[in-house]
Amino acid sequence: MAGHEQIPPDLYRRRRADRSYRMLGALITGYERLSRYSWRRRPPVVAVNRDLHLVVDEVRQQADEVVSLRLVHPRGHTLPAWQPGAHLDVVLPSGRMRQYSLCGDPTDRHSYRIAVRRLADGDGGSVEVHDTLQAGSGVTVRGPRNAFPFVTTERYLFLAGGIGITPILPMVRTAAARGVDWHFVYAGRSRESMPFLDEIAQLDPHRVWIRPDTHYGIPASGAELLEHAPEGATVYCCGPAPMITGVRLDLPASRAEALHFERFSAPPIVNGTPFHIDLAHSGHSLQVPADRSALSVIREHVPEVAYSCRQGFCGTCKTRVLAGEVEHRDHVLTDTERAENMMICVSRATSQHLKLDL
């Protein structure tokens with residue numbers, strides 16, 4: 001999920017938090033800050049309803065368990081334009097739909113590139129990509145859409161963790177082409193697990209820090225990564241949840257001024273309360289605990305239920321509500337749609353019971 005945080009100027013017009021505030025505030029308000037913003041950080045995403053029927057032109061091994069796929073139009077037609085941070089909704093042969101960031105060249109209007117890490121214990125989408133898609137395979141995509149927009153500024157710090165490199169790499173290249181001040185920290189378990197190192201090696205080495213855990217250890221805090229931020233920098237961060245959490249907590253005491261982030265996993269549930277769901281067609285009556293989503297509970301009993309992003313922006317899991325009141329936490333439904341539907345991946349109930357058209 002994408003986000004933006006900015007520090008207001010103090011009495012001396014500095015955009016840096018007081019050191020004493022950091023010590024006290026990190027303890028008292030750090031988790032409050034996370035709970036306040038964790039599910040509301042993604043800006044609205046403009047729906048792109050067109051289906052593009054493309055062909056896999058090339059599959060390339062980029063790292064251990066990571067492949068990139070080059071997608072082209074079967075008749076060589078120009079593809080819709082995109083900006084750094086954009087992603088595609090990819091409809092897999094099984095019917096699953098998953099989001100993958102575009103990690104190629106935005107100026108190339110004849111191909112899209114995505115990269116996918118194989119997760120053997122995941123929800124099956126990445127395994128399907130690795131095992132079924134090959135050169136010549138047809139694939140339907142929707143988009144591009146951008147929920148992680150790349151803003152124009154004079155100073156950047158880019159932070160990528162593992163497969164989080166995919167939306168970050170086009171941003172780094174764009175910043176370098178613009179001639180602005182930028183620095184880039186790329187963390188991962190090992191160099192063997194980190195895709196696109198050969199392409200990153202072509203960037204200015206004085207602005208890039210490759211940080212495998214096998215050499216440096218797991219980052220102790222977000223502050224370690226933020227040390228590379230130029231004064232007043234805008235930070236773009238994509239990686240595992242602990243990395244994003246650390247950066248968010250330590251941003252106020254750094255030289256950076258603003259933060260945008262994107263996560264690939266479901267966001268933590270904030271201020272959740274338990275509620276009950278009745279599924280009209282399957283007959284299941286389910287209890288949703290305070291710390292779980294309706295989707296995660298429903299999947300245990302209706303595994304074929306449609307879903308994708310698990311963050312409330314793609315619209316795949318929209319479900320009709322037959323009875324009950326909904327606390328809407330999504331970023332895609334209109335007010336009219338919310339009158340009768342909910343996104344079961346993030347939204348919850350304000351009443352004790354919901355009855356869903358499932």
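Is Tyr156 buried or exposed in this structure? Tyr156 is buried, because its relative accessible area is 0%, where buried stands for under 20% relative accessible area, exposed for over 50% and partly exposed for values in between, with a 1.4 Å probe and protein chains only.

## The model and its chain

This is a predicted model, in which local features need pLDDT of at least 70 and side-chain atom pairs count only at pLDDT 80 or more, while totals for chains, interfaces and linings use all residues. Residues are numbered from 1 along each chain as its sequence is written, and side-chain values use heavy atoms, with hydrogens and water left out.

The protein chain has 10 helices and 19 strands, which are DSSP runs numbered from the N terminus (helices are H or I with at least four residues, strands are E with at least two). Of the 358 residues in the protein chain, 51% are buried. Where contacts (heavy atoms within 4.5 Å) join residues at least 6 apart in sequence, 67% of them join residues at least 24 apart.

## Aromatic pairs

Rings of Phe, Tyr and Trp (its six-membered ring) pair if their centres lie within 6.5 Å, and planes under 30 degrees apart count as stacked, over 60 as edge-to-face and the rest as tilted. By this rule there are nine aromatic pairs. The pair of Tyr156 and Tyr236 is tilted, because the ring centres are 6.4 Å apart and the planes stand at 45 degrees. This pair links distant parts of the chain, since Tyr156 belongs to strand 8 (residues 155-161) and Tyr236 to strand 11 (residues 234-238), 80 residues apart. Tyr236 is also buried, with a relative accessible area of 0%.

Another aromatic pair, Trp209 and Tyr216, is edge-to-face, with 5.1 Å from centre to centre and 85 degrees between the planes; Tyr216 is partly exposed, at 40% relative accessibility. One aromatic cluster is formed by Phe148, Phe150, Tyr156, Phe158 and Tyr236.

## His87 in strand 4

His87 lies in strand 4 (residues 86-91) and counts as buried at 4% relative accessibility. Beyond its neighbours within four places in sequence, His87 has contacts that include Gln99, Tyr100, Pro144, Arg145 and Phe313.

## Helix 4

Helix 4 (residues 165-178) is largely enclosed by the rest of the structure, because 10 of its 14 residues are buried, among them Ile165, Leu169, Met171 and Ala175. Gly179, whose phi is positive and near 80 degrees, follows helix 4.
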